[in-house]
Amino acid sequence: MELSRRTFIKGAIAGGAGFSLLGFDLTPAVAQMRELKIARATETRSTCPYCAVSCGVLIYTIGDKAKNVTPQVVHVEGDPDHPINRGTLCPKGASLEQDIMNPRRLLKPEVRRPGSDHFEEISWNQAIDEIGQWIKKTRDETFIEKDAQGRTVNRCESLAFIGGCTDTNEFNYLVVKTMRSMGLTYIENQARV
Amino acid sequence: MAQATLQIVKISGHAGPVAGAGVERSEQLCKLIDTTTCIGCKACEVACLEWNGYTFTETSFDNSYQTMPSTAWNYWNLIKFNEHEREDGTLQLLMRKDQCMHCSDPGCLMACPADGAIVQYSNGIVDFQQQNCIGCGYCVSGCPFDIPKFNSETKKMFKCTLCSDRVGQGLEPACIKSCPTGCLHFGTKEDMSFLAESRAKQLRDHFGFEKAGVYDPAGVGGTGVIYVLHDVTNPEAYGGLPKDPHIPWVVRFWKGPAKWIGNLAMLFGVIGVTLHYFRYGPKEIHPPRNGNGGKP
């Protein structure tokens with residue numbers, strides 16, 4: 001039987017149409033899901049910096065810590081092995097990725113001068129110097145050497161120190177040393193971690 | 001990298017059988033939302049945004065704690081706040097996590113005309129495949145819960161995926177993981193139903209909520225998201241949760257009998273034309289009588 005090119009193509013088209021009409025179906029039986037964005041990301045355990053509950057979080061960064069990779073955070077979620085939160089997080093903790101990745105986060109110290117209506121950026125050195133000067137001024141003005149009964153107390157009641165939940169024991173040790181040496185009595189270091 | 005794949009059991013707008021249906025044994029997965037322990041902290045909303053990577057949309061204040069009036073194409077999970085007046089006149093703040101219910105008999109899938117735009121996996125998740133979506137919005141008319149939302153820029157529909165990427169890898173959805181009060185639970189439908197029923201019984205027996213019960217509407221074949229409500233007889237109080245949701249009869253008719261009626265009409269049309277041809281033969285063109293091309 002002679003089969004010309006034209007007849008063959010005609011036959012192929014007719015056959016294809018026939019098969020598709022009869023219900024031959026080449027659609028996949030499984031669907032590819034969206035890629036799990038943390039599948040091989042590096043998982044680092046950390047502590048949520050917000051409140052004193054100090055929930056454990058897992059920070060996922062791109063790459064596997066290889067030498068040529070600069071890791072960056074892709075996702076943060078609760079640490080299921082942490083005894084405090086067991087994987088759960090509050091809305092603020094759940095948004096921790098934004099704490100690192102959001103372009104609107106604060107990167108430099110800012111100060112609002114008395115009477116000013118806006119914050120101005122200052123350098124870290126300037127900020128530390130100014131804070132030091134204010135602490136010195138306030139302490140000099142309000143330091144109490146003796147109380148009403150004439151007992152030596154050496155305290156500075158007009159200053160207070162507030163620490164953060166991710167402060168380590170070592171840091172808090174230094175805080176207490178420094179602040180007590182200045183006579184501070186109001187020290188809160190959120191040491192419930 | 002591990003590829004997550006899930007077996008498909010239903011495909012929208014699809015002629016013929018679905019290759020994956022009934023092939024594989026798979027547990028039905030389910031979210032349980034215990035509205036009685038929800039404190040409205042919105043951790044699930046934030047976790048959903050963070051996981052799915054959508055940027056935050058600006059919201060407006062409308063005298064309520066609610067983030068926005070309804071879910072959006074890039075905001076799939078919304079806590080609905082409702083002030084409900086009890087029979088004795090006191091107020092009750094009802095909070096309900098609003099998201100896709102992942103119905104066993106999904107109206108969106110039934111209404112969708114695009115082949116493969118909406119699929120149901122063997123674990124019960126109803127998922128939109130945006131690459132096949134034609135943006136017609138028929139799924140909105142099929143959904144009794146008003147969930148599918150339209151992105152006017154890409155002309156595609158979006159809704160909660162029940163974190164199918166996480167679930168496909170054996171993880172729980174992001175909202176479930178974050179919930180700090182333990183109001184959200186995730187597991188098989190069997191386990192969640194048991195948990196829900198025992199919680200409802202606890203509420204009835206020990207907390208004085210005589211009407212407490214489980215919301216798992218049979219009108220859509222049961223849902224992949226079930227609620228424990230203080231008052232199961234009045235789900236409308238929870239931000240318009242329909243009492244008896246079902247796929248609109250228009251959609252059912254259009255995708256059911258109308259198809260067969262249309263097919264039959266077409267078939268009888270072809271048979272009629274053939275019979276007419278055999279009975280009367282082809283239509284003959286009469287040659288012009290006056291011999292000048294049919295013109296008078």
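This briefing describes the chains, sheets, core and selected residues of the structure shown above. The model is predicted. Chain A has five helices and nine strands, and buried residues account for 15% of its 193 residues. Both chain A and chain B are divided into a domain 1 and a domain 2.

**Domains**

- In chain A, domain 1 covers residues 42-101 and domain 2 covers residues 110-188.
- The centres of these two domains of chain A, taken over C-alpha atoms, are separated by 31 Å.
- In chain B, domain 1 is made up of two segments, 8-26 and 42-183, while domain 2 spans 248-282.
- The C-alpha centres of domain 1 and domain 2 of chain B are 38 Å apart.

**Fold of chain A**

- Read from the N terminus, the elements of chain A follow the order α-β-β-β-β-α-α-β-β-α-β-β-α-β.
- Of the contacts in chain A between residues at least 6 apart in sequence, 39% link residues at least 24 apart.

- Three strands of chain A, in the order 2-3-4, form an open sheet with antiparallel pairing.
- Strand 2 (42-47) and strand 4 (73-78) of chain A are at the edges; each has a single partner strand, so one side of each has no neighbour in the sheet.
- On average, neighbouring strands of this sheet are turned by 25 degrees against each other, with direction ignored.
- Five bridges connect strand 3 (residues 56-61) of chain A with strand 4 of chain A in the antiparallel sense.
- V57(A) has G78(A), in strand 4 of chain A, as its bridge partner.

- Another open sheet of three strands in chain A has the order 7-8-9 and mixed pairing.
- Strand 7 (144-146) and strand 9 (184-188) of chain A are its edge strands, each pairing on one side only.
- From one strand to the next, the twist of this sheet averages 25 degrees.
- Strand 7 of chain A runs antiparallel to strand 8 (residues 152-162) of chain A, and two bridges join them.
- I144(A) has R155(A), in strand 8 of chain A, as its bridge partner.
- Helix 5 (residues 169-181) of chain A lies across strand 8 and strand 9 of chain A, and this helix runs at about 155 degrees to strand 9 of chain A.

**Nonpolar core**

- The largest nonpolar core contains 82 residues, of which A43(B), A47(B) and I118(B) touch the most other members.
- Helix 1 (residues 43-52) of chain B contributes the most to this core, giving seven residues.
- Leaving out residues up to four places away in sequence, A47(B) touches A94(A) in chain A, as well as A174(B), C175(B), K177(B) and S178(B).

**Residue G107(B)**

- G107(B) is part of helix 2 (residues 107-111) of chain B.
- G107(B) counts as buried because it has 28 C-beta neighbours inside 10 Å.
- Apart from neighbours within four places in sequence, the contacts of G107(B) are G142(B), C143(B), P144(B), V220(B), I247(B) and V251(B).
- One of these, V220(B), is 113 residues from G107(B) in sequence, yet their C-alpha atoms are 7.6 Å apart in space.

**Helix 8 of chain B**

- Helix 8 (residues 257-280) of chain B has 24 residues, which should span 34 Å at 1.5 Å a residue; its end C-alpha atoms are 34 Å apart, in agreement.
- The number of buried residues among the 24 of helix 8 of chain B is zero, so this helix lies largely in the open.

Terms used. Residues are numbered from 1 along each chain as its sequence is written. Chains are lettered from A and ligands numbered from 1 in the order in which they are written. This is a predicted model: local features need pLDDT of at least 70, side-chain atom pairs count only at pLDDT 80 or more; totals for chains, interfaces and linings use all residues. A nonpolar core is a set of buried Ala, Val, Leu, Ile, Met, Phe, Trp, Tyr and Cys residues joined through C-beta atoms within 7 Å. A residue is buried if 20 or more other C-beta atoms lie within 10 Å of its own, exposed if 12 or fewer, and partly exposed in between; C-beta atoms are placed from the backbone. Helices (H or I, at least four residues) and strands (E, at least two) are DSSP runs, numbered from the N terminus. Two residues are in contact if their C-beta atoms, placed from the backbone, lie within 7 Å. Domain bounds come from an automatic or database domain assignment. The expected span of a helix is 1.5 Å times one less than its number of residues. Two strands pair if DSSP finds at least two bridges between them. Axes are lines fitted to C-alpha atoms, for helices over the stretch in contact, and angles run from 0 to 180 degrees between N-to-C directions.
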